[in-house]
Amino acid sequence: MRLFSTLLLVSAAVTATALAQGVTSPFTVAESGRSYATLGDAIRAIGNGRGTVLVAPGSYAQCAVQQGGDVTIRAQKPGTAILDGVACEQKAALVLRGRSSTIDGLIFQNLRVPDGNGAGIRLESGNLTVANSLFRNSEEGILTGDAPGNAISIDRSTFRHLGRCDRDLACAHGIYAGRYGSLSVTRSRFDQGDGGHYLKTRTPRVTITDNSFDDSGGRLTNYMIDLSNGASGTISGNEMVQGRDKDNYSAFITVAPEGREQDSTNLSIANNSASFVPGLQRNSSFVANFTDDAVKIGPNRLASGIKVTDRR
């Protein structure tokens, strides 16, 4: 699958931790050429305008809040800039509430907060584009609020060792998108989940294509894709492998398990593959539909024991 060649850049970052290289002002606003000691200062310098922050290679115990504008945060060399273990507002390494935000080539890791939703990115408003980035060893990768007029796009990124369902708190997930207008997740990888769903969304429109959901190293995980309130759009070209250690192995994909808010008759699920880890035999459903909407389920490659769909 061509997915894996697109992930080589991110995977290379996993094999060697980026170390700070003595750069005293590692955050440069490209348009002005000015450099800053903290990411927060660089973003504040852009303010309500438009600009790009270039991040030098290094591991930074920093977080930042975007209050406005159109901001791009890009690693000078993809996979070498790490935001490590510090959450602003007890939310995330990046709290985004501008008009638009683009994140390119960054690593987010070790994010934990008291309410169990420590994320690499907390998106509160505006459009979001994420590319070639890695989210790992945290409670959540990306968590969003509600913004029906805005869109989220994620491409060529990896979500690893994320999610949790412990401490008597609501579960966290690899990606949890709220009531945004649309969500696109393409050519990305989800693996080694630590609880919750790999991808959970309440958006009315989805494009989820050419991704890998590898649950073989997961523990106490749930669904691969949870369309919490139903959705239209496309789920295609995805490879899904269900592991042994599941909290809920009854389905790979769910449609409106938390109540139907959107019509799912224009949802197409086709040309995906679903299987179990080698040696595992059990029964599961590929699509669990909690509505009477006639979801369009085309040809998919399903292993023995996986029923195409069931009504719940």
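How far apart do the end C-alpha atoms of residues 94–244 lie, and how much of the span is helix and how much strand? The end C-alpha atoms lie 34 Å apart. The span is 0% helix and 52% strand. Helices (H or I, at least four residues) and strands (E, at least two) are DSSP runs, numbered from the N terminus. The UniProt record, an unreviewed entry, places the feature "domain: Right handed beta helix" at residues 94–244. UniProt positions follow the numbering used here, with shortened feature names, and annotations may be inferred rather than shown by experiment.

The model is predicted: local features need pLDDT of at least 70, side-chain atom pairs count only at pLDDT 80 or more, and totals for chains, interfaces and linings use all residues. Residues are numbered from 1 along each chain as its sequence is written, and side-chain values use heavy atoms, with hydrogens and water left out.

Strand 9 (residues 100–104) and strand 12 (residues 127–131) run parallel and are joined by five bridges. I103 stands opposite V130 in strand 12.

Aromatic side chains come next. Rings of Phe, Tyr and Trp (its six-membered ring) pair if their centres lie within 6.5 Å; planes under 30 degrees apart count as stacked, over 60 as edge-to-face and the rest as tilted. By this rule there are seven aromatic pairs. F108 and F135 form a stacked pair, 4.8 Å centre to centre, with 5 degrees between the planes. This pair links distant parts of the chain: F108 is in strand 10 (residues 106–109) and F135 in strand 13 (residues 134–136), 27 residues apart. F252 and F286 form a tilted pair, 6.3 Å centre to centre, with 50 degrees between the planes. F252 lies in strand 26 (residues 251–255) and F286 in strand 29 (residues 284–289), so the pair ties together parts 34 residues apart in sequence. F252 is buried at 0%, and F286 is buried at 0%. One aromatic cluster consists of F108, F135, F159, F190 and F213.

Conventions
Buried < 20%, exposed > 50% of the residue type's maximum accessible area, 1.4 Å probe, protein only. Pairing = 2+ DSSP bridges.
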